[in-house]
Amino acid sequence: MAQAPIYERVALIGLGLIASSMFWAMKRGGLAGEVRGFARSAETRAAAREIGLCDVVCDTAVEAVADADLVVLCVPVGVMAAVAAEIAPVLKPGATVSDVGSVKRAVIESVGPNIPPGVNFVPAHPLAGTEQSGPRSGFAELFDNRWCLLVPVENSDPEAVSRLEALWRGMGSNVERMDADHHDLVLAVTSHTPHLIAYTMVGVADDLQRVTDSEVVKYSAAGFRDFTRIAASDPTMWRDVFLTNKEATLEILGRFTEELFALQRAIRLGDGEHLFEYFTRTRAVRRGIVEAGQDTDAPDFGRTGKPR
Ligand SMILES: NC(=O)c1ccc[n+]([C@@H]2O[C@H](COP(=O)([O-])OP(=O)(O)OC[C@H]3O[C@@H](n4cnc5c(N)ncnc54)[C@H](O)[C@@H]3O)[C@@H](O)[C@H]2O)c1
Ligand SMILES: O=C(O)C(=O)C[C@]1(C(=O)O)C=C[C@@H](O)C=C1
């Protein structure tokens, strides 16, 4: 039996991978009455209309959010404040504004001041994605069994937070709440720095004159293929992630560099014991993740290049 919608009117701003997946997931679960969408480019809006992404595709953000009970900012982190400033004057009293940005402190600091009194602000971050982007890349199952972290601000209304939690659970996610600074540190370890490493490794392969690009394509083993999948992610999104989660990423990158130098030295000195102990420790981390049931989709991860 279909459940009553959690929100009567939802507005999605920015119609890429995350917004389109949200739309299909909301439709799958009957979680929203009407969903309006807006994207900056006419091309994206035309694509959205063609594939039936959103009940109504609007030509302005203001038109999309007027009357919405929930507005979700699904744009790159660097433009969220400008979008929030543009829509602020027309937000409905009692409405909730949320976002899906990969960084939370910077979003809270830049978007927060634009949210008018009487409107709730509940930042969020679904820990789910692929290397694809744009309006055609979304699918309803993206958030199934993935975490969504809610990062309520000091004056977030508890009812608004619970309602948003219900939406994310309805879209298939497991939900937890987290403080913004801790979120940014955790994500620097689990997502942001690994992306930077993947970008670097693919850049190194591309730069190496003695190994041709076609050899890289032909002989890429599973490990490198995983790197190339990650390194194909959207450049605008990731530029903004690093510019806005600077401190935590630099901290983790500093530690990474120290360990890398230690491994480099062990290789140069032929210190097999150091290498063996290190790899034994890291293997245990991976086994812990699998044993905890946190990698249900491991067999397909990165190998087929298809969404999990
Ligand atoms: N891709 C992922 O794996 C992933 C996962 C979780 C969270 N996120 C976060 O979600 C957000 C969206 O990412 P995505 O992967 O859906 O990106 P995407 O590139 O697929 O979509 C972004 C959309 O925003 C639009 N846009 C850009 N600037 C705009 C503006 N000023 N006004 C209106 N629309 C604008 C783009 O045209 C595009 O339609 C980002 O903040 C990202 O950090 C991404
Ligand atoms: O699987 C991928 O393609 C992703 O990179 C998704 C991923 C991640 O690092 O896990 C990327 C950025 C997000 O903010 C959340 C999820």
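**Close-up views of a predicted model**

Figure 1. Phe23 is buried at 2% relative accessibility, whereas Trp24 is partly exposed at 26%; here buried means under 20% relative accessible area, exposed over 50% and partly exposed in between (1.4 Å probe, protein chains only). Trp238 and Phe242 form a tilted pair, 5.9 Å centre to centre with 40° between the planes. These residues, Trp238 and Phe242, are four apart in helix H10 (residues 235-244) and therefore separated by about one helical turn. Both Trp238 and Phe242 are buried. Helices (H or I, at least four residues) and strands (E, at least two) are DSSP runs, numbered from the N terminus.

The model is predicted, so that local features need pLDDT of at least 70 and side-chain atom pairs count only at pLDDT 80 or more, while totals for chains, interfaces and linings use all residues; side-chain values use heavy atoms, without hydrogens and water. Residues are numbered from 1 along each chain as its sequence is written, with chains lettered from A and ligands numbered from 1 in the order in which they are written.

**Figure 2. A charge over the ring of Tyr278.** The charged end of Arg281 sits over this ring, 5.0 Å from the centre. The criterion requires NZ of Lys or CZ of Arg within 6 Å of the ring centre and within 35 degrees of the ring normal.

**Figure 3. Cysteines without disulfides.** The whole structure holds zero disulfides, a disulfide being a pair of cysteine sulfur atoms within 2.5 Å. For Cys58, the nearest cysteine sulfur belongs to Cys54 and is 8.4 Å away. Cys58 is buried at 0% relative accessibility. For Cys148, the nearest cysteine sulfur is that of Cys74, 11 Å away. Cys148 is likewise buried, with a relative accessible area of 0%.

**Figure 4. Positive phi at Cys54 and Asp67.** Most residues other than glycine have a negative phi. Cys54, in the loop between helix H2 (42-51) and strand S3 (56-57), has a positive phi of about 85°. Cys54 is buried, with a relative accessible area of 8%. Asp67 has a phi near 85° and lies in the loop between helix H3 (61-65) and strand S4 (70-73). Asp67 is partly exposed at 40% relative accessibility.

Figure 5. A polar backbone atom of Leu17 is 2.9 Å from an oxygen atom of ligand 1, and a polar backbone atom of Val75 is 2.7 Å from an oxygen atom of the ligand. A backbone N or O atom of Arg40 lies 3.5 Å from a nitrogen atom of ligand 1. The protein covers 89% of the 830 Å² of accessible area that ligand 1 has on its own, by the Shrake-Rupley method with a 1.4 Å probe.

Conventions: Phe/Tyr/Trp six-rings, centres within 6.5 Å; stacked < 30°, edge-to-face > 60°. Polar contact = N/O pair within 3.5 Å; in protein donor to acceptor, adjacent residues only side chain to side chain.
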